[in-house]
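Today I open my notebook on a new protein and jot down what I look up, step by step. Come along and follow each entry on the structure as I go.

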Amino acid sequence: MIVKKYLLILLGTIAFSLGIIGLFLPIVPTTPFLLLASYCYLRSSKKLYRWMINRKVIGKYIYSYLNYRAVKKSAKIFTIAFLWATLILSIIFINNIYIRILLTLIGIGVSTHIIKLKTLKEDIMPNIEETIKNLKKRGFSARHFSKGKEAVEYLKTQLKNKTIGFGGSMTLEALNVFQHLSENNQVFWHWKQDIEEARKNSANAEVYISSANAIAKTGEIINIDGTGNRVASTLYGKKKVYFIVGSNKLADDYEKALSRARNIAAPLNARRFQVKTPCATGELKCHDCESPDRICKGLVVLWGKMFGMEEVEVIIIDEELGF
């Protein structure tokens, strides 16, 4: 129905606008409004839905929900209250009985969807300290920083007069690690330099810095790759490897970490590359497709530090970074 479509677009746009306001005003919750907007857009305009979830800043709030499939109880209450306040005002000022009925049905449907969402509790979120403990049991070094800038400053103190290779990573890009470490080191990154030459130099560097698609609380490090240069250098030929990850990359166990890598990280990277795969153009999940554009060609799981490496250090930052 055309009327229903445009009403959902209107409601989604209002929710989207409030979600943006929430980015700047702490008293207004961001995630529930963006989830409401995504719900409305998904059922009214696939174009608007794809546009919204592919925004660098906005998308991370939705993907945070995808990590846990849950939202806080307070967010549920606030969102439902806002929804019905908006609908009631609309019903008051609209005299058409059919539109009033339609708005009521939309309100019931959206409220039911929100109520059915799992409630996010602290105990279902991966514990950073326990993850670090299990990483160390597996032979990795690990440390935790509250802010990204603290992690970058730590790296600057550790790495001087080194040759450093970089793996493709939105996390490293967001933290400007390449620029910071270029001050006192010789750095190579195919995102910033000639692709083939940078990959070759990265492969021969002393140190390699990358991120991970997921890390299990039990200590496994998971990456999915298409070309292989990123994962290859985390496996062989380096004196030291660093994995820089945001807390959004942590999962409760190995199965959930693998699921995150396949159903969140890989599809989001496919969308970033704008390839024509089912996960990029359709539902955000792995379809195990046979598309020639498929970017997930290989899966690497590190159960421990590889032989021959002096140290593999995992740096966990208590922020949402990358995919």
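I sorted the residues that line the largest cavity by class and got nine nonpolar, two polar and four charged. I kept in mind that this is a predicted model.

Entry two, the space itself. How much space lies in the largest cavity? I noted about 110 Å³. Of its 15 lining residues, C279, C286, C289, R294 and C296 are the closest to the centre. I also checked the count, and there are two cavities of 30 Å³ or more. Rolling a probe the size of a water molecule over the atoms is what shows where empty space is left.

Which helix gives the largest share of the lining? I found that α13 does, with four residues. Both α13 (254-273) and α14 (278-281) supply at least two lining residues each.

I traced an open sheet of six strands with parallel pairing, in the order β3-β12-β9-β6-β4-β5. Its edge strands, β3 (141-145) and β5 (186-188), each pair on one side only. Neighbouring strands are turned by 20° against each other on average, direction ignored.

I looked at β3 with β12 (residues 311-317) and noted parallel pairing over five bridges. Here R143 stands opposite I315 of β12.

Notes
Residues numbered from 1 in each chain as written. Predicted model: local features only at pLDDT ≥ 70, side-chain atom pairs only at ≥ 80, totals over all residues. Heavy atoms only, no water. 1 Å grid on protein atoms, 1.4 Å probe; cavity = no way out; pocket = protein on both sides within 12 Å on 5 of 7 lines; lining within 4 Å. Points joined across faces, edges and corners; volume = space filled by probe spheres on them. Nonpolar A, V, L, I, M, F, W, Y, C, P; charged D, E, K, R; others polar. Pairing = 2+ DSSP bridges. Axes fitted to C-alpha atoms, helices over the stretch in contact; angles between N-to-C directions.
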